[in-house]
Amino acid sequence: MIYAELAGGLGNQMFVYAFGRALALQGGEELTLLDRRDWQAGAPAHTACALTALSLPAGVRILTEPQYAKRHLPRQNLAKTLMIKAEQRGGMMARDWHGFEARMAPLLNLAGLHFVTDGYVPVRRGPARDFLCWGYFQSPRYFAGAEAAIRRELRSPAPPAGPLAEEIRSAAHPVCGHLRRGDYQAPENAIFQGCTPAYYAAAVAAAARTWPDARLFVFSDDPDWARAHLQTGGLPATYAPRGSAAGDLALMQLCRGFVMSNSTYSWWAQYLAPAQDKRVWAPDRWYAHTKQTDLYLPDWQKIPTQPA
């Protein structure tokens, strides 16, 4: 059995699911997602499970039992706890732990655990009967070979409907602008504060140069800020009212162009969009310091986040 602990909002949950599901498909195993609801009151890193609004197959279980891993996967949970404590002592978000996690992976895999906070670390399933996935697994390489299943299962069951969906479909070149704010603005999340109004203005300008007849559709967890600060470069813009996480993501996927923030939610919108000629404008740095990511795709146009 493959177990995967959910963390974060919908975008992060989708990466956790994609890795766990691909690993399960590879070995002909079942997948169980652990919805750590006991984190919701005390840890901002976890919000409610939003995956149930997508097209997950019936065989995928979602358990909400608090401390399930501690009770039923004690060896894996102990190894996970020791890794977390080691990284917290060194500043989990203040440095790049990729090398450390890559060195530890062979031993942890033997114990039935894959632990990755960022980037790509190859996994070996190992002999353990039960295997626990803990981390964020933010790389498409984690589900290489299973892309068709992941795209099918992480799209909404029905195409979006309503006036906004029809407006997007009727636009010649609909461009999704996603402005992530929210918890990124907290002092402890300064590492994520790289996408400034100047970056968004430059990315929108690049979209306008590519498609002069583009129409901008703006999605944000802070719509008032987006309306006040986004420079649309002369493009007509529609500001979407904030809806459900899955509903807004489905609307974003109708677009052909994507002005991204450094957000996994942005990432999945462009990845799941079926347009064959889609274009993506992304920040050239995912983090505000030297920590690296494995999320960039070859056909993206990177826009500087800092003045030259």
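Visitor: What makes Arg 256 and Asp 277 a salt bridge?

Guide: The closest N and O atoms of Arg 256 and Asp 277 are 2.2 Å apart, and a salt bridge is a side-chain nitrogen of Lys or Arg within 4 Å of a carboxyl oxygen of Asp or Glu, so the pair meets the rule. This is a predicted model, in which local features need pLDDT of at least 70 and side-chain atom pairs count only at pLDDT 80 or more, while totals for chains, interfaces and linings use all residues. Residues are numbered from 1 along each chain as its sequence is written, and side-chain values use heavy atoms, with hydrogens and water left out.

Visitor: Why is Arg 256 called neither buried nor exposed?

Guide: Its relative accessibility is 23%, and buried means under 20% relative accessible area, exposed over 50% and partly exposed in between (1.4 Å probe, protein chains only), so Arg 256 counts as partly exposed. Asp 277, with 35%, is partly exposed as well.

Visitor: How do you know that Lys 80 and Glu 5 form a salt bridge, and what does the pair tie together?

Guide: Their closest N and O atoms are 3.1 Å apart, which lies within the cut-off for a salt bridge. Lys 80 lies in helix H3 and Glu 5 in strand S1 (residues 2-5), so the pair ties together parts that are 75 residues apart in sequence; helices (H or I, at least four residues) and strands (E, at least two) are DSSP runs, numbered from the N terminus.

Visitor: Are Lys 80 and Glu 5 buried or exposed, and what makes them so?

Guide: Lys 80 has a relative accessible area of 5% and Glu 5 has 2%, so by the cut-off for buried residues both are buried.
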